[in-house]
There are 2 protein chains.
Amino acid sequence: MQHVDTLIVHAHALTMRGDGVGYIGDGAVAIQGGRIAAVGATAELSARFSASERIDATGHAMLPGFINAHLHSPVNVIRGVAQDVDHWLEKAYWIFYKYVDDADALARSRFTLLEGIKSGITTFLDHVAPFPGWPQAYAAAGVRGRLAASISALGMDAKLDGLYPLDPRAGRDIDEAVAFAREWNGAAEGRISVLLGPVAPDIVLREHLLEIKRAADREGLMIHMHVAQGDREIAQMLARYGKRTPEYLDELGYLDEQLMAVHLTEATQEEVQLMARRGVRMMLCSSAIGLIDGIVPPALAFKEAGGMVALGSDNSACSMFNEMRLTALFNKIARRDPKVMPPWEVLRMATIESARAIGLGDQIGSLDVGKQADLILIDLRGPSLSPVLDTPVRNIVPNLVYNARGTEVKTVIVAGRTVMRDGEVLTMDERAVLEEAQAAADAIARHVASDPDRDALALVSATRSGKL
Amino acid sequence: MQHVDTLIVHAHALTMRGDGVGYIGDGAVAIQGGRIAAVGATAELSARFSASERIDATGHAMLPGFINAHLHSPVNVIRGVAQDVDHWLEKAYWIFYKYVDDADALARSRFTLLEGIKSGITTFLDHVAPFPGWPQAYAAAGVRGRLAASISALGMDAKLDGLYPLDPRAGRDIDEAVAFAREWNGAAEGRISVLLGPVAPDIVLREHLLEIKRAADREGLMIHMHVAQGDREIAQMLARYGKRTPEYLDELGYLDEQLMAVHLTEATQEEVQLMARRGVRMMLCSSAIGLIDGIVPPALAFKEAGGMVALGSDNSACSMFNEMRLTALFNKIARRDPKVMPPWEVLRMATIESARAIGLGDQIGSLDVGKQADLILIDLRGPSLSPVLDTPVRNIVPNLVYNARGTEVKTVIVAGRTVMRDGEVLTMDERAVLEEAQAAADAIARHVASDPDRDALALVSATRSGKL
């Protein structure tokens, strides 16, 4: 009998192997040295393995940890202040965003990690300008960070009308991002990896995009960038280069498997097909784009064209349950077809398909022997996910997608280490994290409250008039 | 100093008074004899009242309890087995539904009440054929039941193709519903009230609809009915009567303030305007209709025409957080306009507007002196609802709508009595309720598993092939 670190037994295992959800009834996983040593039926693995820790997962679903393929961790603390308006960025968000600086970025970022861990996210693709303590926050939280070091030539004091003033000194950001990648790629026992994150083609100079592409090739890094994210971007591209974004990026040699394109809100059917065919990966942020634009991005078309799609929460609730549900429902509505985006597809887009899309398909995203032991246990016995039916229709996955609150996640394990147990995060002082985030958000709000531009905000009027 | 039963202090009070959310910072409510005795600032009420129980609601939002304006409580246990297909009713749901009988209806209904209470619902408009123990379940759970006794002429063994065979003996249901109303209207200290609930105009005979209308007038009851709920219904109406549903109902004298019309999925712009103008109330079930039809019902048009809209969960997760979020986002997408259905409007549609729509506007739906003390406390201090910002933009209501999980509801009070405290339901044995619901659902699933028609179900194939 072989000895392993951990044996989890009696779970409804959703391994995400094969082309469905890879269900194993009364399933088990053996973990050794932070990796998955075996996956199978409880009877089989109990016979093969003794374990230092044995976890009884009766009544729980066991899944690979969720992957959040696009977020900006330090700005999530200002949720709820910029939506329900036209031109949310210029007319609602920017005034808050310009007061978001490095001072307490760490506190704000930790807040987002806490929220994510509590809903079962084990890998975060975080798109941010590197700030002191950023990778260390991931190392300390015990989760997996895929860190996209952002590069932008747009100053915080810029006016967002007319052609944006782009600062050629942004080239320094490229050098810093490359240095950051060399320092941190593979750190924290491999839990941290780095990407290059030009913010968007309309706010990075053409010569810098070319330099970023060369650096990415040289350093073996992927590129994570907002692409065709709004009519504002398309208008800038047409005014500056006479081309829409995808054609411009194609000319620059960007449309290949190295590129993760975030949003694609404004991409046409032809542009979607071109990008999917070239192997570009799409990051779909259903909740964010639905909320701020009232738009369903063309993820279905991207998949139909053979492309890979991963889900991200962007600035919304850091919960893949929210993204899975909204992705399924929004696309049914956009197509007026209840058959599209069934629950098994959206679950794959938050696990195995996402892992492949962000370039970690060999490491995470499914419960497979040799992969990292990133997995979560979800209690199915409460009123939101029960009754559990196995036959003739197994309702576990539909209920996870359509009915879960997110708080049913009880255990989170990353690289074999328990990060959350019984709903309590072990790697963070939850109360301190929340208090620091509140203080940080208060500071930002105070700045905005004394900014004369605040009076033009629709939500300031709504607050004053008692609507909020 | 006046003595009251309960004084709740230091809350972010969302009273829902006025035309917004009626916010009071550091707000308080005094409760006496099951009703609201005073609403105001904590300093003011603390000076006026002593109390047998004083509840410190620091860090919590205090709202009127949510109203779920349309559900079928005993069938919610079979969630997750019938969606992601065309013609969900005939091709997925019916085979389960036909094995749903009275035997364990009570266990199944209690399950739904438990789920609803835990997410802050204090009033349930439950549309069901009366079964033994139904009103008693509401009385025992301590919540408010607005019970729509259903009337249908369609047998459980009916084939759903061609003209439905309608059973003239359904007239007995009318007599039974009226007898039920006479027995239960006003029971449980007024927490129970009764409506007449013809299931839908295509499955109730014309003469019975006329009889129901006469009975409703005579008995002073409102009528709750699915209307224009699908192309299947419209096709039946055209084939049987040569008219679409709204015109037919108009001819029968149904379009007035007595009617609550559920869904209106297929109603045209003109039909919506006609019904809204006549004072018909619309029940909007965003999650159910989005899921099964991929459709956003015309609630915006109904409101624009001056009609009242209330939110219901139907067969979906019994959570008004889910309905509020989906209603806001779906309508933004349907109009491609982020401004429509802002959070204060959807919160009103789950509280005060819903109360008015279901005919209880003078009793519930807002924190107002003299109204029933139905209220909930929501902990804002966790990662999903914090940081809380008060100025210059108050983010509490947007975060409740866009980010809440539902499990942040900690305290539920109905008619002054605490039904849930610290997240634990006091009026039910939670574990027993869940176990009984599981047993009931298992029994239904066993019947379906041995029904030869199961092989035609798409989700049975999906289960067998490993997709589910």
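Two residues are in contact if their C-beta atoms, placed from the backbone, lie within 7 Å. With that in hand, select the contact between the chains: 74 residues of chain B and 75 residues of chain A take part.

Before going on, note that this is a predicted model, in which local features need pLDDT of at least 70, side-chain atom pairs count only at pLDDT 80 or more, and totals for chains, interfaces and linings use all residues. Residues are numbered from 1 along each chain as its sequence is written, while chains are lettered from A and ligands numbered from 1 in the order in which they are written.

Next, colour the chain B side that touches chain A. Helix 16 of chain B gives the largest share, seven residues; helices here are DSSP runs (H or I, at least four residues), numbered from the N terminus. Helix 3 (105-118) of chain B is among the elements giving two or more residues.

Stay on helix 3 of chain B. Of its 14 residues, 13 are buried, that is, with 20 or more other C-beta atoms, placed from the backbone, within 10 Å of their own.

Now move to chain A and show helix 3 (residues 105-118) with helix 4 (residues 134-141): their axes come within 10 Å and cross at roughly 35°. Axes are lines fitted to C-alpha atoms over the stretch in contact, with angles from 0 to 180 degrees between N-to-C directions. To see who makes the contact, select A:Leu106, A:Ser109, A:Arg110, A:Leu113 and A:Ile117 of helix 3, then A:Trp134, A:Ala137 and A:Ala141 of helix 4.

Key
A residue is buried if 20 or more other C-beta atoms lie within 10 Å of its own, exposed if 12 or fewer, and partly exposed in between; C-beta atoms are placed from the backbone.
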